[in-house]
Amino acid sequence: MPRPILRRTIPCLLLRDNGLVKTEKFKKDTYIGDPLNAVKIFNEKEVDELVFLDIDATKKGKEPHYSFIQDIANECFMPFCYGGGIKSIEQIKKIIASGAEKVSINTAAFTNPELITEAANIFGSSTIVVSIDVKKDLFGKKRVYVSSGKKNTKMDPVVYSKKMEALGAGEILLNSVDKDGTMTGYDLDLIKSVSEAVSIPVIACGGVGTINHFSLAIKQAKASAVAAGSFFVYQGPRKAVLISYPSQQELKEIYQ
């Protein structure tokens with residue numbers, strides 16, 4: 001039975017020291033502004049869902065900033081997922097108690113895969129998102145990377161995605177490091193290969209530059225949902241910072 005197309009269109013917001021930043025290929029992070037101001041704008045735009053990823057947490061071994069997550073929850077009218085440095089059940093419990101509907105787990109899914117099963121059993125699979133970062137290695141092979149895209153697991157993304165589904169993940173956030181921030185379009189081959197291999201929802205991320213890129217990920221690559229960063233925070237060829245989101249009518253037209 002084919003997986004239903006959910007057509008969620010999700011801003012993926014990167015956090016560093018509680019500020020909103022944007023990266024390119026996981027490097028050159030640029031300060032964008034206050035994430036809570038972005039949340040207020042996305043509320044007005046009737047956004048489906050938000051993803052917040054603290055890109056410093058794993059590298060610095062930081063605890064999630066629970067009071068900041070509460071601040072997001074108090075402002076946010078839509079469901080949101082929070083990720084960054086999560087490595088224990090206790091942390092997940094506190095993040096959910098702080099107001100997040102989902103958690104995104106990346107490095108710990110590789111280093112401690114039992115955490116995914118345990119978390120899914122306690123909180124439900126729909127709460128557990130495994131974030132998978134993919135880039136080409138020195139030999140041009142697409143491999144799963146962890147630790148903010150620095151450590152090569154040498155795992156094939158399709159094999160790894162199937163493993164995460166078997167462990168209990170309810171959703172996969174699939175991000176192309178090579179496409180991140182380039183605004184040149186998704187890695188459709190990657191998205192399609194993973195989407196066709198698993199039965200859980202796959203959120204495509206990395207590379208959106210036009211609204212039509214969303215449509216291609218859904219229609220051609222069979223993604224269940226689409227996410228982007230630069231597309232929602234930059235405007236024009238000079239990349240002026242402007243938080244935006246397509247109208248519901250525009251989204252309806254591209255997904256028909």
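Colleague: Which residues are linked in a network of salt bridges?
Modeller: Side chains of opposite charge can pair when their charged atoms come close. A salt bridge here is a side-chain nitrogen of Lys or Arg within 4 Å of a carboxyl oxygen of Asp or Glu. Such bridges join Arg 8, Glu 49, Lys 102 and Glu 171 into a network. The model is predicted, with local features needing pLDDT of at least 70, side-chain atom pairs counting only at pLDDT 80 or more, and totals for chains, interfaces and linings using all residues. Side-chain values use heavy atoms, without hydrogens and water, and residues are numbered from 1 along each chain as its sequence is written.

Colleague: How many salt bridges does the rule count?
Modeller: The count is 10.

Colleague: Which parts does the pair of Asp 56 and Arg 16 tie together?
Modeller: The two side chains meet at 3.0 Å, N to O. Asp 56 sits in the loop between strand 4 (50-54) and helix 2 (57-60), and Arg 16 in strand 1 (residues 8-16), so the pair ties together parts 40 residues apart in sequence. Helices (H or I, at least four residues) and strands (E, at least two) are DSSP runs, numbered from the N terminus.

Colleague: Is Asp 56 buried or exposed?
Modeller: Buried, at 2% relative accessible area. The cut-offs are under 20% for buried, over 50% for exposed, and partly exposed in between (1.4 Å probe, protein chains only).

Colleague: What about Asp 54 and Lys 62?
Modeller: They form a salt bridge, with the closest N and O atoms 3.9 Å apart. Asp 54 is buried at 11%. Lys 62 is partly exposed at 26%.
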